[in-house]
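Here's a quick briefing to read with the model open in your viewer.

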Amino acid sequence: MDDRARRNTQVLELRVHGIANAPPAVMLEVDPTDVRRRIGDDLGSFWVRKNEEPDPKTGIASTEAYSWGALARTGGTALALIGRAFVHIGWLFILPFGICNLAYWTRDIPGQKQDSEGWRGGDGAALLRLFALVLTLIYAAAFMTVAVDLVGVQCFDGKTVCAVLPSWLDGLNGLDRDGRAALLSLVPVAAMLLIYLIARSGRVHWEPNLNAFAERFLGTPTEESVAPRQPEKPVTRPLLATRGFWTRARAGATSERLHFAGTIALVVFLLCWDGVFQPLGGSCADPDRFVSLGCLGDAIAAGGSIASTFWIGVAAMLILAGVVIGIISASASRSVNGDIAKRAIAAVLLALACAAYVAYLVIALWPAGPAASAEASTVTGGPFLGLIVTPTTLLTVALGLAFIGGAWGTHASRVLSVTLVSLAGLAFAVTGWAPDFGWALTLGGILLLLIHFGSLVGADVSRRRHPKAQHRTFRGEEQPPPRLFAGDLSVVGWRGFGAMVGMLAALLVAMIISSLLVLGVMGWLGPAPSGAVAGGRRTPATELLGPLVPPVAYGRFAVVLTVIVIVMGLLIAIVLLPKLAVMPKFTVPVLDPPEVPGTDTPYGGVVTPSAGYAEREGSEQPGPVRRILTVRRRSQLLHRGEILLTWLASLSALGFLVFASPWGYEAIAGWIPDEIRHGIREASIAVLVTVSLAAVAAVVAHASTTTERPLALFWDIMCFFPRAGHPFGPPCYSERTVPELSGRIRAWLTDDADGNGAVRDDRAVVIAAWSMGGPVAVSAIFALTDNVAREHTDTMRSIALLTYGTQLRAFFSRFFPSVLGPDDLGIEGVLGPSLFLRDPWKRQVKREWPDVFEGAGSDSSSRGTTGRTTAATGVPASSADGKTATAEEEEPEQVRAFTLRSLLGGGDRPAVDEHVRWASLWRRTDPLGFPVQGYRANPIDRGAVERAATTYLWQVAAHGDYPGTAQYAAARKALVDRLKAVPDLERSEPEQADRGAQR
């Protein structure tokens with residue numbers, strides 16, 4: 001490639017928006033009437049300015065804006081027949097499934113075999129998907145409570161009906177208890193089907209194209225491409241650059257069938273439980289306990305329809321057990337032939353569950369069945385059995401699985417973890433049968449859990465003291481070893497407990513939604529008739545029906561949730577509000593070009609911190625400066641979210657643990673006077689009822705004005721990853737954005753619409769990615785590696801990356817280290833934020849300036865943020881206790897084929913690497929913008945002015961207003977110059993000969 005060809009390179013600037021879903025006109029900085037769509041549809045499209053001309057000053061031949069926000073936020077149109085409001089409410093129910101999916105990707109996922117068609121989920125994949133099944137069953141139990149218990153049993157007593165119910169339901173009073181329960185049990189099954197259809201409606205637009213995408217960009221590698229640089233070490237690729245991540249990781253039809261089978265089996269089991277033991281009466285109908293062995297014998301001896309119903313319930317239990325086994329089996333290493341067999345088994349289980357359901361419906365509704373028997377005819381009142389114990393049991397199982405998840409990131413003993421948590425759960429469960437020993441069993445369970453968490457902490461300490469101990473022997477020589485984050489969990493979110501935190505958050509949200517559903521419907525059904533109305537005045541009714549009673553689990557959760565909210569509110573007030581009284585002097589990046597010539601920090605702050613960092617800013621500041629300092633301070637409050645989520649998860653775990661044991665909850669409640677305890681419970685339920693009705697009203701009002709999903713911001717974040725955790729989770733927009741973006745890049749570089757030609761010497765691309773657009777752009781770059789393990793291919797040499805307002809390092813590399821970790825990006829890991837320090841990132845600042853903070857425990861070298869890093873991960877080679885690792889300890893067990901930095905021309909010395917084709921803009925006033933290499937000056941990170949440059953009035957720039965700044969233009973110009981100056985030395989001699997022959 002000659003110099004003249006490089007100087008004449010046509011560069012495409014491809015802008016990708018972030019979570020704000022900026023319209024194309026905003027991204028292109030023109031009026032909405034001055035843009036046109038070049039390629040795409042209403043969900044994903046590329047836009048350009050009308051009458052666009054190449055700009056010789058910037059070196060940009062064309063600027064395109066990629067709009068993808070509708071993929072993450074649109075909802076309600078695909079199922080218009082059932083009403084947009086119902087669809088939007090359904091999206092709220094999907095929320096915990098999306099959080100469960102995020103928990104899946106926080107784990108330590110092993111590297112995948114390059115030529116594998118399967119997917120290895122790593123430690124905890126099976127148990128996390130089992131946790132996902134429990135979330136589904138929690139919803140099923142809540143829907144059963146509403147439809148069968150509140151409506152079918154409590155609203156219909158054979159004589160009267162809840163006043164708010166429509167008159168066309170009065171006919172249900174002609175049926176007995178079992179008949180009404182049988183008919184209304186269709187509601188939970190239909191509700192789960194609706195939730196599934198709402199989630200699935202968003203996938204059909206792009207998932208069928210994924211296999212073609214994987215074959216095109218991630219096809220079978222050649223021998224040359226998989227040749228390791230060090231033959232004795234296995235070569236691993238970033239997960240984003242593997243076929244399995246995009247086509248094999250997600251939960252598919254097998255998991256969907258198993259979840260439906262489990263839902264139906266649980267519904268049948270609960271129907272049979274009430275249908276068998278309620279007629280037996282006595283202790284067998286005790287709603288607060290599991291049935292005794294004597295009751296089981298009485299059910300079998302009863303004969304007739306009761307015995308038949310009993311055996312249908314047993315079959316439902318066996319089907320549930322088969323579903324659990326199927327979930328665990330489906331999460332094992334996947335292959336095409338194995339998937340077909342597992343899918344067939346799941347279909348059989350679903351068919352058996354449906355058959356059991358039909359059998360119960362026939363018995364319950366047939367005139368000769370239990371509905372006509374003398375025993376059943378006397379059963380009209382009493383709570384619906386099973387729905388008292390089942391929600392608490394499901395919550396306890398989910399809590400135990402979440403506790404076990406703490407071992408997946410710390411690499412503690414999995415066997416010990418499962419054993420201790422299982423024994424603790426058994427101890428809590430036995431208190432229901434042996435209340436006289438409740439205190440001993442509860443204390444024993446708590447002790448087992450303390451030992452469990454002690455083992456997790458011990459494993460973390462062991463990793464820090466003995467970094468070499470982290471490298472476990474992996475089964476089989478051909479399987480790549482796991483990715484281990486260099487043994488320093490300080491650069492991993494929640495110190496490796498990310499899966500547990502995510503699962504606890506998902507469980508909390510699921511219980512909140514379930515409780516709002518149950519208590520909200522109870523509040524709607526509960527009001528008594530209004531009484532007589534005359535002369536504009538109403539006389540209240542004097543004879544009232546008894547109030548509806550929800551299962552005890554939801555009432556208890558209302559109390560626990562109230563306590564959690566109060567404690568979190570106090571924590572925020574005590575810890576964060578004082579931070580608003582201080583104006584810290586933060587480190588700020590250098591502006592290039594400077595906003596004020598000759599001044600690096602025109603609005604306060606420091607470029608190089610002092611030993612007393614972070615000091616206070618001066619009290620006397622001009623108005624504009626004070627406004628910027630105020631926004632900086634406020635932005636840093638949001639950076640403490642990781643710690644606040646840790647507190648929320650911890651409080652949730654304690655709250656769940658309290659009423660996981662019936663004795664524990666009652667013991668604590670016993671310390672409170674009856675009047676106060678009753679008042680707290682009633683007030684908590686009243687608050688949740690009010691919140692439930694208000695939430696429904698807000699969602700309905702939102703649905704009447706837009707098709708955008710409620711809580712749209714959450715979907716932007718949750719929907720980036722494939723739905724590998726829960727099959728009913730929200731669709732992954734990356735499964736369309738990454739193929740589209742990589743295809744557009746390839747089409748420009750080859751000047752071929754299909755991107756199948758050779759890369760032209762005179763074409764290049766600058767990807768300008770804002771916020772969440774950064775992970776999308778990084779994924780597209782990895783997809784373009786074409787399974788070549790070398791960095792300097794024609795495609796990669798023609799790509800540069802400009803990120804701004806990004807969270808790649810501070811959030812994604814910490815929370816999802818197996819997908820976008822330091823060893824994938826080619827950067828150092830970042831220490832977590834602090835809740836109490838003025839600058840939440842002070843520990844990281846101290847690490848990057850060891851020459852300033854002597855003895856501060858810095859892990860890096862004396863210059864920049866680089867220091868020595870391991871070859872495998874790119875994170876500091878120093879151990880967490882500050883001791884430098886020996887050469888033997890630094891030796892990795894695996895070799896990274898490439899990183900994002902190396903793909904973009906980065907060398908082995910990041911602090912002085914001036915050829916890397918990656919620049920990133922950030923500012924301290926951006927609550928969601930962080931540096932990608934470090935707070936200290938480095939070749940990638942650049943500062944952006946903190947005053948909005950595109951507005952007439954003086955305004956502080958926060959998460960937006962990057963493209964209009966002089967710093968954006970300078971960073972883009974630097975990348976264009978680097979693209980045009982890529983040395984021919986990067987090409988190997990055989991490649992140069994081949995190119996010469998082609999010319």
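Arginine 947 sits at 29% relative accessibility, so call it partly exposed. Keep in mind that this is a predicted model. Arginine 947 pairs up with glutamate 595 in a salt bridge, with the closest N and O atoms 3.5 Å apart.

**Salt bridges across the chain**

- Aspartate 592 makes a salt bridge with arginine 942, and here the closest N and O atoms are 3.6 Å apart.
- That pair ties together parts that are 350 residues apart in sequence, because aspartate 592 lies in the loop between α21 (552-575) and α22 while arginine 942 belongs to strand β12 (residues 941-943).
- Aspartate 592 is partly exposed at 43% relative accessibility, whereas arginine 942 is buried, with a relative accessible area of 14%.

**The pair around glutamate 29**

- Glutamate 29 and arginine 15 form a salt bridge whose closest N and O atoms are 3.0 Å apart.
- Glutamate 29 comes from the loop between α2 (24-28) and β2 (35-40) and arginine 15 from strand β1 (residues 10-16), so this bridge ties together parts 14 residues apart in sequence.
- Glutamate 29, with a relative accessible area of 39%, is partly exposed, but arginine 15 counts as buried at 2% relative accessibility.
- Salt bridges that share partners join Glu13, Arg15, Glu29 and Arg972 into one network.
- The total for the model is 20 salt bridges, counting a side-chain nitrogen of Lys or Arg within 4 Å of a carboxyl oxygen of Asp or Glu.

- Helix α16 (residues 390-404) and helix α23 (residues 641-660) have axes that come within 10 Å and cross at roughly 135°.
- That angle makes α16 oblique to α23, and α16 passes α23 in a left-handed crossing.
- For helix α5 (residues 125-155) and helix α7 (residues 186-201), the axes come within 8 Å and cross at roughly 135°.
- α5 and α7 are therefore oblique to each other, and the crossing of α5 past α7 is right-handed.

**A buried arginine**

- Arginine 633 is part of helix α22 (residues 623-638).
- Arginine 633 counts as buried because its relative accessible area is 15%, and the cut-off for buried is under 20%.

**A nonpolar surface patch**

- Trp439, Leu443, Ile446, Leu447, Leu450, Ile451 and Trp663 make up a nonpolar patch on the surface, and together they have about 700 Å² of accessible area.
- Which helix gives the most to the nonpolar patch? Helix α19 (residues 438-465) does, with six residues.
- Leucine 450 has its place in helix α19.
- Leucine 450 is exposed, because its relative accessibility is 56% and the cut-off for exposed is over 50%.

Notes. Residues are numbered from 1 along each chain as its sequence is written. This is a predicted model: local features need pLDDT of at least 70, side-chain atom pairs count only at pLDDT 80 or more; totals for chains, interfaces and linings use all residues. Side-chain values use heavy atoms; hydrogens and water are left out. Patches are made of residues with over 30% relative accessible area and no salt bridge: like charges are joined within 9 Å, nonpolar side chains (Val, Leu, Ile, Met, Phe, Trp, Tyr) within 5 Å. Accessible areas come from the Shrake-Rupley method with a 1.4 Å probe; for residues, only the protein chains shown count as cover. Helices (H or I, at least four residues) and strands (E, at least two) are DSSP runs, numbered from the N terminus. Buried means under 20% relative accessible area, exposed over 50%, partly exposed in between (1.4 Å probe, protein chains only). Axes are lines fitted to C-alpha atoms, for helices over the stretch in contact, and angles run from 0 to 180 degrees between N-to-C directions. Angles under 35 degrees count as roughly parallel, over 145 as roughly antiparallel, 65 to 115 as roughly perpendicular and the rest as oblique. A crossing is left-handed if the near helix is turned anticlockwise from the far one by less than a right angle, and right-handed if clockwise.
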